[in-house]
Amino acid sequence: MDLSEMNTGVATVPRHDVDVGKLLGELVELFDMAAQEKRVDLALSCGPDLVVAGDFNRLRRAFADVIDNAVKYTGADGRIDIRAEKGASGVSVTVSDTGIGISKEALPRIFNRFYRANESRGGIGHGLGLSLAAAIVRLHRGEISVESELGKGATFRVVLH
């Protein structure tokens, strides 16, 4: 229902100061054990003053979905780098991994509801995580994008104004 409300413009977002660095730090702690079990190095680098107006819980969910995918699709001895910094257009967060990557054919649909880039990858999920992340970012008047090459990992970028 949240996703439908966000996509139709019915949802509203409370405007509170959200410390993006603190939020990402909490998520790195949350996902660190899963990353360690896979022997994946999970690193966070944050600049100062990364405060945006928004809903902490929704933004946490959006970034959790992106980081969760990075952990799921990065193999043993891989690396995930999360970087947050303040730029001219707002707070920019990138999540880069050395995982399996996303094919060029799948990239245009990766944020569509129920889309899974490759059903044969197995695992649980219904193809809602990235569509929900994108809806949350748009609700916060931000942008989300991805660059990837199959077999060479992916980089997701979120810019919050």
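I started at β3, where Ala53 is the bridge partner of Asp17. This is a predicted model, and I kept its limits: local features need pLDDT of at least 70, side-chain atom pairs count only at pLDDT 80 or more, and totals for chains, interfaces and linings use all residues. Numbering runs from 1 along each chain as its sequence is written, and side-chain values use heavy atoms, with hydrogens and water left out.

**Entry 1: the β1/β3 pair.** I found β1 (residues 16-19) running antiparallel to β3, with four bridges joining them. My pairing rule is that DSSP finds at least two bridges between two strands. Strand β3 (residues 51-54) has Val52 and Gly54 on its covered face, while Val51 and Ala53 sit on the uncovered one.

**Entry 2: whole chain.** I listed four helices and seven strands (DSSP runs numbered from the N terminus: H or I of at least four residues for helices, E of at least two for strands). Reading from the N terminus, I get α-β-α-β-β-α-β-β-α-β-β. Of the 161 residues, 45% are buried (under 20% relative accessible area; over 50% is exposed and in between is partly exposed, with a 1.4 Å probe and protein chains only). The accessible surface is about 8700 Å², and carbon and sulfur atoms hold 51% of that (Shrake-Rupley, 1.4 Å probe; for residues, only the protein chains shown count as cover). For contacts between residues at least 6 apart in sequence, I noted that 70% join residues at least 24 apart (contact: heavy atoms within 4.5 Å).

**Entry 3: the five-strand sheet.** I traced an open sheet with mixed pairing, in the order β2-β4-β5-β7-β6. β2 (41-46) and β6 (143-148) are its edge strands, each pairing on one side only. From one strand to the next the twist averages 10° (axes are lines fitted to C-alpha atoms, for helices over the stretch in contact, and angles run from 0 to 180 degrees between N-to-C directions). Six bridges hold β2 and β4 (residues 79-87) together in the parallel sense. Leu42 has Ile80 of β4 opposite it.

**Entry 4: helices on the sheet.** I checked which strands each helix covers. α2 (residues 20-37) lies across β2, β4 and β5 (90-97), at about 175° to β2. α3 (residues 56-72) lies across β4, β5, β6 and β7 (154-160), at about 20° to β5.

**Entry 5: α3 against α4.** I got a packing angle of about 145° for α3 and α4, with axes 9 Å apart. The crossing is left-handed (near helix turned anticlockwise from the far one by less than a right angle; clockwise would be right-handed). On the α3 side the contact includes Arg58, Leu59, Ala62 and Val66; on the α4 side, Gly129, Leu132, Ile136 and Leu139 are among the residues. I also looked at how covered α4 is: nine of its 11 residues are buried, including Leu130, Ser131, Ala135 and Val137. After α4 comes Arg141, with a positive phi near 60°.

**Entry 6: Asp65.** Buried or exposed, I wondered about Asp65? Asp65, in helix α3, has a relative accessible area of 12%, so I filed it as buried. Setting aside neighbours within four places in sequence, I see Asp65 in contact with Gly129, Leu132 and Ala133. From Asp65 to Ala134 I read 9.9 Å, C-alpha to C-alpha, across 69 residues of sequence.

**Entry 7: aromatics.** I found one aromatic pair in the structure (rings of Phe, Tyr and Trp, the last by its six-membered ring, with centres within 6.5 Å; planes under 30 degrees apart are stacked, over 60 edge-to-face, the rest tilted). The pair is Phe111 with Phe156: their ring centres are 6.2 Å apart and their planes stand at 85°, so I logged it as edge-to-face. Phe111 belongs to the loop between β5 and α4 (129-139), and Phe156 to β7, so to speak distant parts of the chain, 45 residues apart. At 7% relative accessible area, Phe156 is buried.
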